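Confidence is treated at the outset, followed by architecture and selected sites.

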Amino acid sequence: MFSANQTPSAAQKDTVVNVEATGVFCWNLATYALKDAVNATSEQFAADVDEFEKASLPKQPSHLLRIPINATPTPIPMVASSPIKFECTHYTTIRLPGNPPWAPSTWSSAK
């Protein structure tokens, strides 16, 4: 299981779109040493931007999972320096309501 915020326009982030489209994903443990780089990957980037490159995170290919890119089975990138990596199959997506920190105008004043 992983959590991904939505965009300010309430659209799903590219990570969720990709997981739903391919049916697979890799989950990497974010250690304290990786916190800044991993946090940088959560920024809002265009779909064609490589978050690994933006965050200067070296990649490691998945061992089991492959996705078809131009009809070629291609490994999914994982964070090379993460000590724990899971190669996962998508089961379902659950969208939960919330008040994201980037939208304070939507916060309720009722407590």
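Among the elements of the protein, mean confidence is lowest in helix α1 (residues 14-22), at 83, and highest in strand β4 (residues 85-89), at 92. The model is predicted, and its mean pLDDT is 80, with 77% of the residues reaching 70 or more. The points below are grouped by topic.

**Confidence**

- Over residues 103-111 the pLDDT stays under 50. For this stretch the model has 4 contacts beyond four places in sequence.
- Where pLDDT is low, the predicted coordinates should not be read in detail.

**Overall architecture**

- The protein contains 3 helices and 4 strands, arranged along the sequence in the pattern α-β-α-α-β-β-β.
- Of the 111 residues in the protein, 22% count as buried.
- The accessible surface amounts to about 8200 Å², and carbon and sulfur atoms contribute 57% of this surface.
- Among contacts with a separation of 6 or more, 54% are made by residues 24 or more positions apart.

**Ser62 in strand β2**

- S62 belongs to strand β2, which spans residues 59-69.
- S62 is classed as buried because its relative accessible area is 4%, under the 20% limit.
- The side chain of S62 reaches the backbone oxygen of L65 at a distance of 2.7 Å.
- Which residues does S62 touch, not counting those up to four places away in sequence? They are C26, P75, I76, M78 and E87.

**Cysteines C26 and C88**

- How many disulfides does the structure hold? The number is 0.
- The sulfur of C26 has its closest cysteine sulfur in C88, at 7.0 Å, which is too far for a bond because a disulfide requires the two sulfur atoms to be within 2.5 Å.
- C88 is likewise in no disulfide, the sulfur of C26 being the nearest cysteine sulfur to it.
- C26 counts as buried at 15% relative accessibility, and C88 counts as buried at 16%.
- C26 is also one of the residues touched by S62.

**Phe25 in strand β1**

- F25 lies in strand β1, which covers residues 24-28.
- Is F25 buried or exposed? With a relative accessible area of 12%, F25 is buried.
- F25 and I67 are 42 residues apart along the chain, and their C-alpha atoms are separated by 9.5 Å.

**Salt bridges**

- A search of the whole structure returns 2 salt bridges.
- K35 counts as partly exposed at 35% relative accessibility, whereas D36 counts as exposed at 57%.
- The classification of D36 follows from the cut-off: D36 is exposed because its 57% is over 50%.
- A further salt bridge joins the side chains of K59 and D50, with an N to O distance of 2.6 Å.
- K59 counts as partly exposed, its relative accessibility being 43%.

**The loop between α3 and β2**

- A55 is found in the loop between α3 (51-54) and β2, and S56 is found in the loop between α3 and β2 as well.
- What is the relative accessibility of A55? The value is 12%, so A55 counts as buried.
- Leaving aside neighbours within four places in sequence, A55 is in contact with A37, A40 and T41.
- The C-alpha atoms of A55 and D36 are separated by 8.3 Å, the two residues being 19 residues apart along the chain.
- S56 is exposed, with a relative accessible area of 63%, whereas A55 counts as buried.
- S56 has a positive phi of about 55 degrees, although S56 is not a glycine.

Technical notes:
Residues numbered from 1 in each chain as written. Heavy atoms only, no water. Helix = DSSP H or I, 4+ residues; strand = E, 2+ residues; numbered from the N terminus. Buried < 20%, exposed > 50% of the residue type's maximum accessible area, 1.4 Å probe, protein only. Polar contact = N/O pair within 3.5 Å; in protein donor to acceptor, adjacent residues only side chain to side chain. Contact = heavy atoms within 4.5 Å. Areas by Shrake-Rupley, 256 points an atom, 1.4 Å probe, with all protein chains shown as cover. pLDDT = per-residue confidence, 0-100. Salt bridge = Lys/Arg side-chain N within 4 Å of Asp/Glu carboxyl O.
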